[in-house]
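Please read the points alongside the sequence and the coordinates.

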Amino acid sequence: MSTERIVADEGAKLDFSADMSYGDYLHLDAVLGAQHPLSPAHDEMLFIIQHQTSELWMKLMLHELSAAVACIARDELGSAFKMLARVSRIMEQLVHAWDVLATMTPPEYSAIRPYLSSSSGFQSWQYRCIEFMLGNKNAAMLKPHAHHPEVLARVDAAFRAPSLYEEALRLLARRGLAVPASHLERDWTQPYVASDAVEAAWLVAYRAPQTHWEVYQLGEELTDLEDSFRLWRFRHVTTVERIIGFKRGTGGTSGVGYLRKMLDVVLFPEIWKLRTDL
């Protein structure tokens with residue numbers, strides 16, 4: 001049987017002159033028309049699509065993180081767990097995306113680098129919002145967005161809001177665990193400072209998981225998330241080193257040196273420390 005006959009027998013809709021098609025729904029003309037290489041190099045298309053698809057995944061990540069924070073604030077942990085698990089899986093996608101970019105060799109990248117000017121993933125406002133939502137607050141990171149007021153407002157809102165972890169600590173307090181007041185109401189723009197008292201609160205749940213099941217499960221969802229985030233960061237470092245070595249980044253940082261320093265940032269410190277103290 002011919003493939004034409006198979007399609008005809010299926011009764012598939014083929015005329016979309018008056019109805020919405022797949023491409024219409026996804027606005028594929030806009031999405032697939034958003035790649036504009038500046039160099040004559042074949043490999044620039046890979047570089048552009050790698051970063052554009054990462055930004056799309058980050059858009060979904062922010063969508064899920066924002067909803068998860070709101071659910072935790074409403075004590076709707078079942079929904080929050082599903083969203084946080086999805087964020088962890090998105091990060092896995094982003095980890096594997098580096099495998100594709102790693103097929104770009106140093107000479108291939110060198111051919112397009114002059115055309116990038118000062119543009120860099122360091123300036124990704126969505127990534128910055130993700131870092132702020134995960135608790136890595138740094139006021140200096142607002143400056144790259146000062147020229148774009150609408151974007152700056154979005155990044156600034158994430159900067160000033162309680163992080164995912166801080167909203168989780170508020171939930172622990174509502175569940176009767178002894179989280180110190182200093183970690184429940186404070187200037188959220190300041191970097192998070194680990195607390196032995198906060199670790200003690202988590203330890204109560206981890207020592208009696210059946211009694212504090214939802215808090216215990218929340219701790220493990222946060223662990224999964226940071227585990228995936230660390231892998232994403234590490235794969236970024238190794239891919240950059242593989243392609244440009246220790247050259248400075250286009251955004252002005254030391255490149256690999258800067259990225260390696262970021263590997264040492266711990267987002268949810270008490271959840272990691274309690275594993276030693278259990």
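1. Tyr258 has a relative accessible area of 18% and is therefore buried, since the cut-off for that class is under 20%. The model under discussion is a predicted one.

2. Phe122, with a relative accessible area of 23%, is partly exposed. The ring centres of Phe122 and Tyr258 lie 5.6 Å apart and the planes meet at 75 degrees, so this pair is edge-to-face.

3. A search of the whole structure gives 11 aromatic pairs. In one of them, Phe47 and Tyr109 have ring centres 5.7 Å apart and planes at 45 degrees, so the pair is classed as tilted. This pair also links distant parts of the chain, with Phe47 in helix H4 (residues 44–73) and Tyr109 in helix H6 (residues 106–112), 62 residues apart. Phe47 is buried at 16% relative accessibility, and Tyr109 is buried at 9%.

4. One aromatic cluster is formed by Tyr165, Tyr192, Trp202 and Phe268.

5. Arg230 is placed over the face of Trp272, 4.2 Å from the ring centre. Lys13 is placed over the face of Phe16, 5.6 Å from the ring centre.

6. Helix H1 (residues 3–10) lies largely in the open, because zero of its eight residues are buried. Gly11 follows H1 and has a positive phi, near 75 degrees.

Notes
Residues numbered from 1 in each chain as written. Predicted model: local features only at pLDDT ≥ 70, side-chain atom pairs only at ≥ 80, totals over all residues. Heavy atoms only, no water. Buried < 20%, exposed > 50% of the residue type's maximum accessible area, 1.4 Å probe, protein only. Helix = DSSP H or I, 4+ residues; strand = E, 2+ residues; numbered from the N terminus. Phe/Tyr/Trp six-rings, centres within 6.5 Å; stacked < 30°, edge-to-face > 60°. Lys NZ or Arg CZ within 6 Å of the ring centre and 35° of its normal.
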